[in-house]
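Keep the viewer open as you read.

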Amino acid sequence: MAQSPRLARRATASVFWSFLRFGSDQVFNFVVFVVMARLLSTADFGLFIVAFVYAEVGKIIASGGLVSCLYRAPEVTPKLADTIFWSNLGLASVFALGGLVLQQPIAEALGRPEGGSVVAVLGFVVPITALGASHMSRNLREFGHKSLALRSMLSGLIGGGLAVIAALNGFGVWSLVVQRYAAETINTLVAWRAFRWLPGFNFSMATLRAQLPLGGNVALSQLVILFISRTQDLIISHALGAGAVGVYRTAWKSTELIAQGTITPFSTVALPTLAKLQAEPDAFRRAYLRIVAISGAISFPCIVGFGLLASDLIPLIYGAKWAPSIPVAQVLTFLVVPYALNFFADPALTALGRSGVIVRLAAVQLVGTVVFCSLAAPFGLRAIAIAYVVRSYLTLALQLWLFQRSTGVAAAKVLKSILPQVIAAAAMAGAVFAFSTQREAFANGWIYVACAVLLGAAVYMPVLALAAGPARTEALVEARRFLAEGRKGRA
């Protein structure tokens with residue numbers, strides 16, 4: 001228990017650097033996404049999205065499977081580190097070769113000859129990711145988020161910049177390939193520099209077998225979560241065509257970027273923090289509830305605000321051809337509560353070694369997505385979005401129950417921790433919606449958006465302070481500590 005204050009300080013500083021890291025990631029990803037959306041047709045953009053699935057699967061295998069065992073291990077021995085590194089690199093290499101062998105059937109499945117080639121070339125980015133994954137995980141284990149923030153900014157700037165240049169010069173979907181190779185190469189180089197460790201050859205099959213259950217379950221759960229969203233693309237493509245995939249994914253990506261930018265910095269820090277508290281149940285529960293509440297205070301107004309302003313923001317950002325994405329984005333805003341809780345369930349369960357629960361829950365979510373979205377597909381994109389939101393809330397109830405059984409964190413306390421944020425976001429939504437009746441008075445859309453944002457902030461912050469009640473004092477203390485640690489980290 002004596003180490004708890006020190007752990008809290010390190011976690012707070014890590015949140016600061018994680019915000020900087022993920023903030024820069026989201027900025028660069030957003031710029032590239034906007035450029036691609038403007039330069040590609042809806043059909044080409046749909047191909048761009050579907051082809052990227054293979055690279056996403058590979059990245060999960062390389063950076064979210066076996067390396068997750070390094071977080072939870074009481075001690076990272078040379079044998080464990082070497083076994084994880086070489087096994088991970090081997091799996092990534094096999095995955096890359098698989099894309100090369102399967103490129104022809106992939107091209108036929110996508111209905112585009114170039115689709116298979118894009119997938120095959122993207123597959124060889126995965127071993128590059130694997131080369132730096134162990135170094136990144138061990139750095140994060142020691143709360144080394146500062147160096148990773150600098151790494152992300154550098155890779156985002158160079159990779160994103162090259163992608164934009166390539167897109168402007170007519171490279172189309174190949175701009176994505178340029179970006180991924182540049183970004184992942186820089187990520188790996190900086191990860192090796194940040195964590196000075198040279199892998200040895202203490203490979204142990206027994207050690208690998210001991211780590212496979214946890215690493216395999218973590219990777220499997222993340223893959224299922226990936227397929228939960230990507231299954232929608234397949235259903236939409238089959239029922240409504242590739243152009244509809246582009247329309248739906250533009251709305252989804254916009255909401256997802258906001259959620260990742262505001263929640264992921266906290267969820268990334270949550271895993272090493274909660275892993276160090278796994279033997280202290282009371283401290284574990286307090287830390288979990290605190291980090292969910294603080295994250296929700298930031299993410300709720302951003303996600304809800306985007307939904308309220310989607311009718312202006314989507315045409316302003318992506319162009320008028322993406323107007324069909326507006327109703328989809330407005331519906332997806334209602335995912336704000338599942339987003340706030342889903343991002344933290346996996347790190348908490350992983351920290352306690354309950355990866356099997358993650359897999360079972362993810363499997364239920366995947367089956368539910370297939371059933372609900374398939375039934376809604378004949379009624380259009382908005383109906384599919386509504387079906388997904390309904391499915392998310394139904395499975396959220398199951399998640400809270402399983403989470404309570406596995407961690408001891410009561411579902412009622414989890415919901416109570418985000419209740420002030422829900423109240424404040426609802427008040428903000430009411431104010432901005434009332435303000436929208438004056439939309440015609442603004443000739444410039446950006447001026448209207450800026451005024452609506454200022455109004456929303458002016459309503460949200462005081463209502464949150466009032467709704468939080470006694471908890472607001474603790475929140476202020478956490479905020480001051482966050483700022484103080486951030487200043488120390490910058491110094």
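The protein chain has 19 helices and 0 strands. It holds 491 residues, and 55% of them are buried. Now consider contacts between residues at least 6 apart in sequence. Of these, 83% join residues at least 24 apart.

Confidence comes next. The protein chain averages a pLDDT of 80, and 83% of the residues score at least 70. Which elements mark the two ends of the range in mean pLDDT? Helix α13, residues 325-332, has the highest mean, 95. Helix α19, residues 471-490, has the lowest, 48. Over residues 482-491 the pLDDT is below 50. Beyond near neighbours in sequence, that stretch has 12 contacts in the model. Where pLDDT is low, the predicted coordinates should not be read in detail.

Turn to the interior. In soluble globular proteins, nonpolar side chains tend to be buried together. Here the largest nonpolar core has 134 residues. Helix α12, residues 281-318, gives the most to this core, with 17 residues. Phe45, Tyr248 and Tyr288 have the most contacts inside the core.

What does Tyr248 contact once neighbours within four places in sequence are left aside? The partners are Gln232, Ile236, Val328, Leu332, Leu381, Ile384, Ala385 and Tyr388. Val328 and Leu332 fall in the residue range of α13. Leu381, Ile384, Ala385 and Tyr388 fall in that of α16, residues 381-407.

Next, helix α14. This helix runs over residues 336-351, 16 residues in total. From first C-alpha to last, α14 reaches 24 Å, close to the 22 Å expected at 1.5 Å a residue. Is α14 mostly covered or mostly open? It is mostly covered, with 14 of its 16 residues buried. Gly353 follows the helix, and its phi is positive, near 75°.

Rolling a probe the size of a water molecule over the atoms shows where empty space is left. A search of the whole structure finds 2 cavities of 30 Å³ or more. Helix α16 gives the most, with 3 residues.

Terms used:
Residues are numbered from 1 along each chain as its sequence is written. Side-chain values use heavy atoms; hydrogens and water are left out. Helices (H or I, at least four residues) and strands (E, at least two) are DSSP runs, numbered from the N terminus. The expected span of a helix is 1.5 Å times one less than its number of residues. Buried means under 20% relative accessible area, exposed over 50%, partly exposed in between (1.4 Å probe, protein chains only). pLDDT is the predictor's confidence in each residue, from 0 to 100. Contact means heavy atoms within 4.5 Å. A nonpolar core is a set of buried Ala, Val, Leu, Ile, Met, Phe, Trp, Tyr and Cys residues joined through side-chain atoms within 4.5 Å. On a 1 Å grid over the protein atoms alone, a cavity is a set of points where a 1.4 Å probe fits but cannot get out, and a pocket is an open set with protein on both sides within 12 Å along at least five of seven lines; lining residues have an atom within 4 Å of a point. Grid points are joined across faces, edges and corners, and a volume is the space filled by probe spheres set on the points.
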